Amino acid sequence: MAVQTLRLVFCGMGNVGRSFLTIMQSQAALLRERHGIVLKLVGAVDSGGAAVDADGLDPAVLLACKQAGKSVANLLNVGQPGLSGPQLAATIDADILLEATPVNLTDGQPGLETCQIALRRGMSVVLANKGPLALAYQDLAILSDMAEPSDERGSSSDWPALRFSACVGGSMPTINIGRRDLAGARIERVEAVLNGTTQGILRAMEQGIPYAEALAEMQRRGLAETDPTLDVEGWDAANKLTIVANAVLRRPTTLREVAVEGITKLSAELLREHVERGERIVLLCLAERDGDDYRLSVRPTPLPIYHPLARMSDDEMGLVYYTDIAGVQTATTMERDPLPTAAAMLRDVIDIAGRRS
């Protein structure tokens, strides 16, 4: 098997970034033997700056640096204090840029600019950061292979790849199912629980655990967003529904078009009352077909206990696609830490490698 080396740049050394460094090591032999891929990390960015080495950075060294509470910019010979993601994307020679900096719903920065620069330079992009997609999906798509086909654009293979399966349900193949596997069907309705933090909190509150304690546990496990209000007020789920609307439903959508309500007003008593009635409240992402359009919402919703999204445990996320010709498609994922999200980024890297072979 011919082996191809992929030069990677990783922006964001938080929970997901460190998990990706871990799987770069643990999956190296499998990637080479099964897929003919060798991953070489030539750049890494955190809040303090960057580390850059065309010969490849050692993931173990980067992990040790982060575990010691230091910036990668402090690494001897390769560290560059103050160098930002956009600056690195504009200068480095790499094949794929991976973006996992904290979500910014104000303007998407710095992740949005970093991705735009990389795509304009012909570099493929893999995102775990939902902000750029929620705020500017169409702008990114037009720079990549995700734009709708036209005679003027030519073949999608002529454009850099844009992938983001880690943005919508961790390792659950939400986008792949909807965009690829249901390509010949019309999706009539989407129901999904896409925020693991609120799922864990709601199920814990049903068991009598106070809200604040349940949220703290999600933060301890690295599952909550850097700003946990994005989770509990529903905006993280709304980000994900916006991405599904754009990428799967082919509906040009921005975040402001989603009706959003979080879980902060729910009480343990209310949750238990619904359980006694044979229902369970979940933070439901909903896309309902309305003529030629869809109505989009995120809000706490009681579902009958036999519903697949109501049966899920506190560590699960799930979705249901209702279609005209392909029946009802259901998928769930159980994730107890950020590793599966990093695994979804790796899945996208493998997909991009297949385009290049």
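**Exercise 1.** In this predicted model, classify how helices α1 and α13 lie relative to each other.

Solution. Begin with the geometry: α1 packs against α13 (residues 339–356) at an angle of about 65°, and their axes are 8 Å apart. Angles of 65 to 115 degrees count as roughly perpendicular. The two helices, α1 and α13, are therefore roughly perpendicular to each other. The crossing of α1 and α13 is right-handed. Next, list the contacts: from α1, Val16, Ser19, Phe20 and Ile23 meet a set in α13 that includes Leu339, Ala342 and Leu346.

**Exercise 2.** State the strand order of the sheet and find which strands stand at its edges.

Solution. The open sheet has seven strands, ordered β4-β3-β2-β1-β5-β6-β7, with mixed pairing. Inside the order, β2 (residues 37–46) and β3 (residues 49–52) pair in the antiparallel sense over four bridges. Asp46 is opposite Gly49 of β3. Helix α1 (residues 15–26) packs on this sheet and touches β1 (4–11), β2 and β5 (96–99). The direction of α1 makes about 160° with that of β1.

**Exercise 3.** Describe the largest nonpolar core and the surroundings of Phe164.

Solution. The largest nonpolar core has 72 residues. Leu133, Leu162, Phe164 and Tyr321 have the most contacts inside it. Helix α11 (residues 235–247) supplies the largest share of this core, seven residues. Leaving aside residues up to four places away in sequence, Phe164 touches, among others, Leu127, Leu133, Tyr137, Ile243 and Asp348. Apart from this core lies another, of 36 residues, including Met24, Leu31, Leu62 and Ala161.

Terms used: Residues numbered from 1 in each chain as written. Predicted model: local features only at pLDDT ≥ 70, side-chain atom pairs only at ≥ 80, totals over all residues. Heavy atoms only, no water. Core = buried A, V, L, I, M, F, W, Y, C linked by side-chain atoms within 4.5 Å. Buried < 20%, exposed > 50% of the residue type's maximum accessible area, 1.4 Å probe, protein only. Contact = heavy atoms within 4.5 Å. Pairing = 2+ DSSP bridges. Axes fitted to C-alpha atoms, helices over the stretch in contact; angles between N-to-C directions. Parallel < 35°, antiparallel > 145°, perpendicular 65-115°, else oblique. Left-handed = near helix turned anticlockwise from the far one by under 90°.
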